[in-house]
Amino acid sequence: MGNRIAKLAAGIAAPLLLASCATTGGKTTAPGGAAVEEDFTPAWAKEAIWYQIFPERFRNGSPANDPRPEDIAGAWPSAPDQPWQVSPWGSDWYKLQPWEEANGRGVFWNIPRRRYGGDLLGVAQQLDYLQELGVTAVYFNPLFMAPSHHKYDGITYHHIDPTFGPDPEGDRALIATEDPGDPSTWLWTAADRQFLDLIKEMRRRGIRVIIDGVFNHMGKESWPFQDVKRNQRASRYADWFTVNSWDHEEAGTKFDYEGWFGVKDLPELREDENGIVAGPREYIFAATRRWMDPDGDGDPSDGIDGWRLDVAFCVAHPFWKDWRKVVKGVNPQAYITAEVIDSNAALQPYLQGDEFDAVMNYNFAFTLAEFFVETKTRITAKQFDAKLLELREAFPAGVTYVQQNLFGSHDTIRIGSAIVNRDLGSYRDWGGHFGASKAETGNVDTRRPTEDEYRIQKLIAIMQFTYVGAPMIYYGDEVGMWGANDPCDRKPMVWGDLPYEPEATNPDGSPRVPADPVGIHRGMLEHYKALARIRNGSRALRLGDFQTVLVDDHHSGYAFSRSIDGETAIVAINNSAEARTMRLPLLAAESGRYRDALGNSEVLSQRGEMIEVRVPAYWGAVLLRE
């Protein structure tokens with residue numbers, strides 16, 4: 001059928017339907033006994049619809065546990081002598097609050113200091129929402145104790161941040177009784193237990209949970225680093241970090257160390273040729289087991305379902321190989337995905353079955369941007385098809401089915417704002433685009449997208465939800481949230497029962513005229529719900545093979561089919577400004593009557609091995625066989 005994904009499809013149905021099917025080694029077996037390509041990925045992840053939650057900005061369930069000034073001490077930018085309060089959830093994003101105006105600093109100095117009070121109870125209160133959206137797996141940005149809003153500056157790996165839980169003061173007192181370097185002394189705080197209860201309830205609703213593992217660095221407020229600062233060479237943890245010099249009055253040296261990419265707030269854990277060295281390595285392994293099997297009874301059903309690994313490229317391969325053995329030893333069906341933003345060739349060593357199951361699929365996002373968003377350098381339908389084929393062929397076929405097919409994340413400009421700012425540069429130029437898409441450059445239009453621009457986002461979502469791999473929603477994209485890159489992609493989630501000020505302020509402090517109303521884009525939300533409902537109801541779209549059906553450079557048309565065990569879905573994409581009649585060939589095995597599951601395109605005729613469908617401008621048809 002033209003590529004490895006298609007060839008695998010003949011044998012993919014039986015093993016993937018069964019949650020008990022082993023997928024960590026050996027060969028999967030096709031119906032009839034034929035061996036197909038090794039599949040080391042977890043079965044459930046192939047059918048996932050992912051939702052990424054940035055905890056501090058998702059929902060404030062209880063103001064009683066809101067952060068206090070001492071809870072953010074040490075977070076950048078540190079200003080303990082300046083006024084500070086928790087920010088109103090629905091406040092105008094670029095408008096300085098009175099206590100912010102008092103410090104005389106600009107908005108981009110103040111935004112990282114803001115806390116809005118998101119917590120675990122807020123997530124628990126919105127599980128009905130996630131379930132109705134059609135989500136089946138959640139990735140949480142860091143939950144562990146840390147002073148920042150983003151929590152990538154962890155104080156510990158073995159405790160949920162007390163401000164995410166119901167009893168911050170009690171949790172801090174409990175944590176203070178531990179020897180953090182001795183796992184036998186670790187206790188379960190109220191926040192820890194609330195998280196475990198949340199996992200249990202999410203799993204009851206059919207929603208898996210993975211969490212962020214930030215194993216390259218810790219925060220400067222972390223317990224081992226603080227011990228090193230106090231005790232210098234005499235610290236039990238002196239060899240955990242790369243120390244360049246120690247405090248030594250006679251030698252005239254001061255304490256200095258390596259920070260992640262030079263950022264002193266994030267001291268790097270020390271590595272040798274085998275990756276992270278013994279002390280932090282054993283701490284990471286112990287924390288990994290703690291969250292995967294909280295009771296330590298050999299039953300991982302009360303723990304998380306896997307991990308997302310931050311800046312995984314900063315840690316040497318031997319460490320990840322050993323860490324995978326720990327993870328899969330606890331739960332063979334655990335899912336491991338990583339942040340490695342690089343070429344397919346650079347990604348291949350990570351995805352051979354002895355390190356990760358998948359990556360956050362930024363190369364998929366780059367390809368979508370080049371076809372649907374960028375105008376000056378837009379690729380043709382033929383080039384789009386070729387780039388997608390390259391992605392499918394780059395890794396073992398099972399990996400392709402579990403890749404997290406995202407467009408936006410906490411490290412990117414929002415989808416809607418990417419469309420507003422179509423030509424800031426190539427999205428594939430990760431470093432360049434990351435900087436260019438920040439509002440502080442003054443070159444990003446931070447307004448609300450128009451309905452025409454939102455329509456492009458809906459078209460991108462159609463591709464995400466129907467293509468091979470697991471679609472991933474960044475919180476708020478489904479309700480039309482917009483924003484420039486970090487930190488403006490991390491606004492508080494928009495909810496229908498909360499009041500929001502209009503965005504009446506520009507990044508430079510000038511008035512925005514007219515002001516942009518903030519609220520749920522109902523059409524967008526219903527669109528995402530419909531796509532999730534279609535995907536969850538179609539084995540072909542979750543597990544089927546892939547075959548290109550149409551490539552039309554002249555009209556920016558593209559179509560493909562997904563088939564498994566006699567079930568077929570055909571997806572037609574019209575990436576042009578005019579409605580098009582698309583003539584799509586059918587294989588004999590795909591014969592039958594088709595309807596558009598989205599309900600916006602009209603099947604005009606169907607004769608023999610050809611189907612004609614009228615697809616509106618910048619839209620797609622999802623044709624399912626009746």
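1. With what handedness does α17 pass α18? The crossing of α17 past α18 is right-handed, a label that applies when the near helix is turned clockwise from the far one by less than a right angle, left-handed being the anticlockwise case. The helices named here are DSSP runs of H or I with at least four residues, and the strands are E runs of at least two, both numbered from the N terminus.

2. On provenance, this is a predicted model, in which local features need pLDDT of at least 70 and side-chain atom pairs count only at pLDDT 80 or more, while totals for chains, interfaces and linings use all residues. Residues are numbered from 1 along each chain as its sequence is written, and side-chain values use heavy atoms, with hydrogens and water left out.

3. Two packed helices are described by the angle between their axes and the distance between the axes. For α17 and helix α18 (residues 522–536), the axes come within 10 Å and cross at roughly 15 degrees, the axes being lines fitted to C-alpha atoms over the stretch in contact and the angles running from 0 to 180 degrees between N-to-C directions. The two helices are therefore roughly parallel to each other; that term covers angles under 35 degrees, with over 145 counted as roughly antiparallel, 65 to 115 as roughly perpendicular and the rest as oblique.

4. Contact (heavy atoms within 4.5 Å) between these helices involves, among others, Tyr454, Lys458, Ala461 and Phe465 of α17 and Met524, His527, Leu531 and Arg535 of α18. By class, the contact of α17 with α18 has 8 nonpolar, 5 polar and 2 charged residues, where Ala, Val, Leu, Ile, Met, Phe, Trp, Tyr, Cys and Pro count as nonpolar, Asp, Glu, Lys and Arg as charged, and the others, Gly among them, as polar.

5. Helix α17 (residues 451–466) also packs against helix α12 (residues 362–373), their axes coming within 11 Å and crossing at roughly 135 degrees, which makes α12 oblique to α17. This crossing is right-handed. On the α12 side the contact is made by Phe364, Leu368, Phe372 and Val373, and on the α17 side by Ile456, Leu459, Ile460, Met463 and Gln464; these residues divide into 8 nonpolar, 1 polar and no charged.

6. The count of salt bridges comes to 43, each being a side-chain nitrogen of Lys or Arg within 4 Å of a carboxyl oxygen of Asp or Glu. One of them joins Arg172 to Asp71 at 2.4 Å, N to O, and this pair links distant parts of the chain, with Arg172 in helix α6 (residues 168–175) and Asp71 in the loop between β1 (50–53) and α2 (98–101), 101 residues apart. Arg172 counts as partly exposed at 21% relative accessibility, whereas Asp71, at 16%, counts as buried; buried means under 20% relative accessible area, exposed over 50%, and partly exposed in between (1.4 Å probe, protein chains only). Arg172 and Asp71 also belong to a network of salt bridges with Arg68 and Glu70.

7. Two further salt bridges may be set side by side. Arg583 and Glu612 meet at 3.0 Å, N to O, and because Arg583 lies in strand β20 (residues 580–585) and Glu612 in strand β23 (residues 610–615), the pair ties together parts that are 29 residues apart in sequence. Arg490 and Asp489 have their closest N and O atoms 3.7 Å apart; Arg490 is buried at 4% relative accessibility, and Asp489 is buried at 0%.
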